Amino acid sequence: SPNVNLASRLEAATKQYGVRLLLSEQVASIMSTKCRACLRKVDRVTVKGSARPLTLYTLDIAEDATNVRLAKELDPQLRTGEEREAEDAARRWVRQVQVAEGDDAAEEIRDEETEHATDEAVAEITKEERMFRRVAEIFQLRRTVTPEFLHVWDGALDLYTKGKWKEAYSEFEMAQFLLPDDGPTRTLMGYIKRRDCEAPEGWTGVRELTSK
């Protein structure tokens, strides 16, 4: 199907741009405002089999040992040591409340209903703490992509789209100085340089992805 083909091409294109993830504008458009704000626009292209221009976005993730650890902690199936401690503390608090309210039987009788109710209370108490921790870690994963870099990148991409490739190349150089290992910067600089920093006649801000 067209959607499967597009997904396959975008997955392959991640290697061209040196990123972990590429999203189409259709996917970006259905994301929440907060999620969409975390995306970076990287190019506007056409893919094989379609003449319709497609805006591409990525979610920047720093690649280092610290982020490997953070990514593991973000796994919803994995509880960190701190989360286990928080849940244990919450469980003890629930039991103390039950005893203080005169629920002595609950202290002695651990039937399934009581256990389930306690688990629900623990989950509610720790839910916001876990969510805050994960949101904070998501932002930390993006810590290398500074507001200064994004400002320079957006300016460079705008000049590139408008066909002002000499000026765009200079701005991309500044972006590369701020974030030397950025894949999209390297990709567009290479594309511009191979064409002597001159946009082709009739340039519309859209280029063709030449490989699947």
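## Aromatic pairs

A search of this whole predicted structure finds 6 aromatic pairs. One of them joins Tyr160 and Trp165. Their rings are stacked, 5.8 Å centre to centre, with 15 degrees between the planes. The pair counts as stacked because planes under 30 degrees apart fall in that class. Both Tyr160 and Trp165 are buried.

Ring pairs also build a cluster. Its members are Trp153, Tyr160, Trp165, Phe172, Tyr191 and Trp203.

## Charges over the rings

Two arginines sit over rings of this cluster. Arg40 lies over the face of Trp153, 4.6 Å from the ring centre. Arg207 places its charged end over the ring of Tyr191, at 4.6 Å from the centre.

## Asp60 and its partner

Arg40 has a polar contact as well. Its side chain meets that of Asp60 at 2.6 Å. Asp60 is in the loop between strand E3 (54–59) and helix H4 (65–73).

Is Asp60 buried or exposed? Asp60 counts as buried, because its relative accessibility is 7% and the cut-off for buried is under 20%.

## Packing of H9 and H10

Two packed helices are described by the angle between their axes and the distance between the axes. Helix H9 spans residues 165–178, and helix H10 spans residues 183–193. They pack at an angle of about 150 degrees, and their axes are 10 Å apart. Angles over 145 degrees count as roughly antiparallel, so H9 and H10 are roughly antiparallel to each other. The crossing of H9 past H10 is left-handed.

Notes. Residues numbered from 1 in each chain as written. Predicted model: local features only at pLDDT ≥ 70, side-chain atom pairs only at ≥ 80, totals over all residues. Heavy atoms only, no water. Phe/Tyr/Trp six-rings, centres within 6.5 Å; stacked < 30°, edge-to-face > 60°. Buried < 20%, exposed > 50% of the residue type's maximum accessible area, 1.4 Å probe, protein only. Lys NZ or Arg CZ within 6 Å of the ring centre and 35° of its normal. Helix = DSSP H or I, 4+ residues; strand = E, 2+ residues; numbered from the N terminus. Polar contact = N/O pair within 3.5 Å; in protein donor to acceptor, adjacent residues only side chain to side chain. Axes fitted to C-alpha atoms, helices over the stretch in contact; angles between N-to-C directions. Parallel < 35°, antiparallel > 145°, perpendicular 65-115°, else oblique. Left-handed = near helix turned anticlockwise from the far one by under 90°.
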